[in-house]
Amino acid sequence: MLFKTEAVVLRKNKITDADVILTLFTRKYGKIRAVAKGGRKPKTRLSPSSHIFVYGDFIINKGKNLDKVSSVDIKESFYNIREDLSKLAYASYFAELCDAVIVEGVTNNRLFDTLIKGLYLITYRDQGYDLIKIAFQLQLLDFSGFRPEIKKCVNCGGVKFNKINFNIHQGGIICDNCYSRYDDSMLVNSMIIKVMNYILKTDITTVSKLKLNPSIIKRLERIIDKYIEIHLERKNFKSLEFLRTLEQNLS
Ligand SMILES: [Zn+2]
């Protein structure tokens with residue numbers, strides 16, 4: 001049986017010298033793994049679509065054990081991303097994050113759209129990737145059920161805040177009354193919460209135009225990277241480690 005869906009390649013794994021298995025984020029069916037015959041060989045019909053980030057209409061042949069890519073009508077190959085180490089590091093992290101949260105048979109259209117927009121931003125912008133990353137992370141958390149609570153106390157629902165403490169393990173802000181029970185909380189300034197709130201309700205392309213103090217971005221990055229580690233229960237994102245190594249070498 002053949003079916004057609006928009007999809008992005010999140011990952012490719014070699015299975016033979018000629019063939020690869022593509023992990024696809026599809027709009028209609030969530031995560032799908034499908035064999036691309038000849039995907040590793042130049043000049044075969046499927047080789048142009050057997051690259052990470054390729055976005056297009058995929059026609060897939062449902063197999064008994066494994067699905068097979070039948071043909072692909074490429075909308076955007078995001079070729080530039082694969083030609084620039086910094087772009088590649090950020091975009092690979094987006095793909096790895098999506099791979100970690102999406103599941104087979106479950107659609108996530110908001111995340112799908114945000115991934116496409118994120119890849120376009122990384123492709124066509126020369127800078128500001130750190131803000132795009134924060135926006136992508138926060139929205140991914142929201143769209144996959146891990147939205148941080150930043151409106152009211154995550155413990156009691158209270159709204160009494162002289163100082164705002166954020167508790168990563170609890171998943172949100174802690175009010176003055178509850179603060180003493182969560183001594184692993186961190187004091188954050190109200191700007192951090194304002195920016196988080198703005199990002200959680202604003203399209204990623206609009207967020208990317210925001211002018212923010214670099215120290216705010218750094219602070220947000222530390223909180224959100226840690227939040228993802230705890231709530232997605234994943235310590236190691238290979239692409240994030242690569243990204244950090246790259247940043248150290250460039251700074
Ligand atoms: Zn409370």
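Biologist: What makes β3 (residues 30–36) and β5 (residues 67–76) a pair of strands in this predicted model?

Modeller: Two strands pair if DSSP finds at least two bridges between them. Two bridges join β3 to β5, and the strands run parallel. One of the residues involved is A34, whose bridge partner in β5 is D67.

Biologist: How do you know that β4 (residues 55–61) pairs with β5?

Modeller: The requirement is at least two bridges. Seven bridges join β4 to β5, and these strands run antiparallel. Y55 stands opposite E76 in β5. The two strands form a hairpin, with five residues between them.

Biologist: Why is strand β2 (residues 20–26) described as largely enclosed by the rest of the structure?

Modeller: A residue counts as buried under 20% relative accessible area. Seven of the seven residues of β2 are buried, so the strand is largely enclosed. Both faces are covered: V20, L22, L24 and T26 are buried on one side, and I21, T23 and F25 on the other.

Biologist: Which strands are joined to β2 by bridges?

Modeller: Seven bridges join β1 (residues 2–14) to β2, in an antiparallel arrangement.

Biologist: What makes the arrangement around the zinc ion tetrahedral?

Modeller: Four donors count as tetrahedral if all angles lie between 85 and 135 degrees. The four donor atoms subtend angles of 104 to 115°, which makes the arrangement tetrahedral.

Biologist: How do you know that C153, C156, C175 and C178 are the residues that coordinate the zinc ion?

Modeller: A donor must be an N, O or S atom within 2.8 Å of the metal. The SG atoms of C153, C156, C175 and C178 coordinate the zinc ion at 2.3 to 2.4 Å. Along the chain, the donors follow the spacing C-x2-C-x18-C-x2-C. C156 lies in the loop between α4 (129–143) and β6 (164–167), and C178 in the loop between β7 (172–174) and β8 (186–188), so this pair ties together parts that are 22 residues apart in sequence.

Biologist: Why is C156 called partly exposed, and why is C178 called buried?

Modeller: Buried means under 20% relative accessible area, exposed means over 50%, and partly exposed is in between. C156 has 45% relative accessibility and therefore counts as partly exposed. C178 has 5% and therefore counts as buried.

Biologist: How do you know that the span of helix α7 (residues 214–231) is close to the expected one?

Modeller: The expected span is 1.5 Å times one less than the number of residues. Helix α7 has 18 residues and reaches 25 Å from its first C-alpha to its last, close to the 26 Å expected.

Biologist: Which residues of α7 are buried, and what do they pack against?

Modeller: The buried residues are I216, I217, L220, E221, I223, I224, D225, Y227, I228 and H231. They pack against α2 (85–101), α4, β6, β8, α5 (190–200) and α8 (238–250).

Biologist: What is found at the start of α7, and what follows the helix?

Modeller: At the start, a side-chain oxygen of N213 reaches to within 2.9 Å of the backbone nitrogen of S215. The helix is followed by E233, whose phi is positive, near 50°.

Biologist: Are K43 and F78 buried or exposed?

Modeller: The cut-offs are under 20% for buried and over 50% for exposed. K43, at 84% relative accessibility, therefore counts as exposed. F78, at 0%, therefore counts as buried.

Biologist: Where does V106 lie, and what does V106 touch?

Modeller: V106 lies in the loop between α2 and α3 (109–124). Not counting residues up to four places away in sequence, V106 touches Y29 and G30. V106 and G30 are 76 residues apart in sequence, and their C-alpha atoms are 4.8 Å apart in space. At 45% relative accessibility, V106 counts as partly exposed.

Technical notes: Residues numbered from 1 in each chain as written. Predicted model: local features only at pLDDT ≥ 70, side-chain atom pairs only at ≥ 80, totals over all residues. Heavy atoms only, no water. Donors = N, O, S within 2.8 Å, 3.2 Å for Na, K, Ca; no water. Tetrahedral: all angles 85-135°; square planar, octahedral: opposite > 155°, others 65-115°. Helix = DSSP H or I, 4+ residues; strand = E, 2+ residues; numbered from the N terminus. Buried < 20%, exposed > 50% of the residue type's maximum accessible area, 1.4 Å probe, protein only. Contact = heavy atoms within 4.5 Å. Polar contact = N/O pair within 3.5 Å; in protein donor to acceptor, adjacent residues only side chain to side chain.
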